Amino acid sequence: MAVQAAVSVENVSLSYFTPERETLALSNISFDINNGEFIAIVGSSGCGKSTLLSLMSGLIKPSQGSISVGGRAVDAPSPRVGYMFQKDTLLEWRTVLENVLIGAELLGLDMKAAKIRAKDLLTRYGLGEFLHAFPAQLSGGMRQRAALARTLCPNPDLLLLDEPFSALDYQIRLALSEEIAAILRAENKTVILVTHDIGEAISMATRVVVMSRRPGRIKSEHHISFPSFGATRPTPLDARKCPEFAGYFQTIWDELDLHQI
Ligand code: ADP
Ligand code: MG
């Protein structure tokens, strides 16, 4: 069966309302994502990246415009969409295995099959020894791998990753992005990675969407390729060593206009 995860975002705007004010977080956003594509969305803090993922997951509804996943309008959270939040949100009182099974429990999936898949994912991600450990016993990188296993356990077609590495030290972040890129490539998912880290976006995604400051708009899109590496796609660490990397970095850096901070 073909993976049906193509995403279409059409003229989407979103305002948040509080008693004091209305905040226009996103204004007139449109873009399409093909099945199996890995895109990164970059933009400075507060430009509406998390809001955009929440809209695509169906947790909140657009004030204007529409979003569809796999040809169907998004109107509520769906098991076809896996959403990994900015904070890992592991439940401290549940074991690692129990945390990974939360999605299957909430969705009412076959728990026996889910348990087999959860154990397999955790073992493949180097957490086989920690199935019955509690999150507090894990390092930051291990927690993120457990959170990824939890997101992948119900086998979604589309993965939404909100700054999955932002809480980690630089070296751990590089190593983990290498691992996660390999995992996602093997799983052949459609992935949307939100990040404020330009290097992470360029090294992991095949297309980078740049957002402007609030209200978030799409400023530009860049197709990323590394012809100097040859026909195969480089891993994130290899991509950073390619001569094309610096050119993409400079272009996107200039567009983000970070020196005004
Ligand atoms: P990013 O993830 O890019 O940092 P967010 O999507 O979290 O940005 O936020 C975009 C804007 O919307 C910010 O100005 C933020 O303060 C505002 N915002 C986010 N969530 C809410 C909310 N629940 N209520 C009111 N304003 C919000
Ligand atoms: Mg955010």
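The legends below describe close-up views of a predicted model.

**View 1. Four strands form an open antiparallel sheet.**
The strand order across this sheet is β2-β1-β4-β5. Strands β2 (22-33) and β5 (72-73) stand at the edges; each has a single partner strand, so one side of each is left without a neighbour in the sheet. Strands of a sheet pair through backbone hydrogen bonds, either parallel or antiparallel.

**View 2. Strand β1 (residues 7-17) is joined to β2 by eight bridges.**
The two strands run antiparallel. L14 stands opposite L26, a residue of β2. Strand β1 is also joined to β4, here by five bridges, and this pairing is again antiparallel. On that side, V9 has I67 of β4 as its bridge partner. In a regular strand the side chains alternate between the two faces of the sheet.

**View 3. Strands β4 and β5 form a hairpin with two residues between them.**
Two bridges join these antiparallel strands. V69 stands opposite R72, which belongs to β5. In the hairpin, G70 takes a positive phi near 60°.

**View 4. The largest nonpolar core has 51 residues.**
The members that touch the most others are L122, L148, L161, I202, V208, F226 and I252. Helix α5 supplies the largest share of this core, six residues. A second, separate core has 26 residues, among them V7, C47, L53 and V69. In soluble globular proteins, nonpolar side chains tend to be buried together.
What does L148 touch, not counting residues up to four places away in sequence? Its contacts are M84, Y125, L161, I180 and I183.

**View 5. R143 is found in helix α5, which covers residues 140-152.**
Is R143 buried or exposed? Its relative accessibility is 16%, so R143 counts as buried, the limit for a buried residue being under 20%. With neighbours within four places in sequence left aside, R143 is in contact with D88, L90, E92, P135, A136 and L138.

**View 6. Helix α6 covers residues 170-187, and its end-to-end distance agrees with its number of residues.**
At 1.5 Å a residue, the 18 residues of α6 should span 26 Å. The C-alpha atoms at the ends are 25 Å apart, which agrees with that value. The buried residues of this helix are R173, L174, L176, S177, I180, A181, I183, L184 and E187. An α-helix has 3.6 residues a turn, so residues three or four places apart point the same way. Just after α6, N188 takes a positive phi of about 55°.

**View 7. A186 is an exposed residue in helix α6.**
The relative accessible area of A186 is 65%, and a residue counts as exposed when this value is over 50%. A186 and R117 are 69 residues apart in sequence, while their C-alpha atoms are 15 Å apart in space.

**View 8. Y83 and F85 form a tilted aromatic pair.**
A search of the whole structure finds four aromatic pairs. In the pair of Y83 and F85, the ring centres are 4.4 Å apart and the planes are at 40°, so the pair is tilted. Y83 counts as buried, with a relative accessibility of 14%. F85 counts as partly exposed, at 37% relative accessibility.

**View 9. F245, F249 and W253 form one aromatic cluster.**
How are the rings of F245 and F249 placed? Their centres are 6.1 Å apart and their planes are at 40°, so this pair is tilted. Both residues are in helix α9 (residues 243-256); because F245 and F249 are four residues apart there, about one helical turn separates them. F245 counts as buried, with a relative accessibility of 11%, whereas F249 is partly exposed, with a relative accessible area of 29%.

Key:
Residues numbered from 1 in each chain as written. Chains lettered and ligands numbered in written order. Predicted model: local features only at pLDDT ≥ 70, side-chain atom pairs only at ≥ 80, totals over all residues. Heavy atoms only, no water. Buried < 20%, exposed > 50% of the residue type's maximum accessible area, 1.4 Å probe, protein only. Contact = heavy atoms within 4.5 Å. Pairing = 2+ DSSP bridges. Core = buried A, V, L, I, M, F, W, Y, C linked by side-chain atoms within 4.5 Å. Expected span 1.5 Å × (residues − 1). Phe/Tyr/Trp six-rings, centres within 6.5 Å; stacked < 30°, edge-to-face > 60°.
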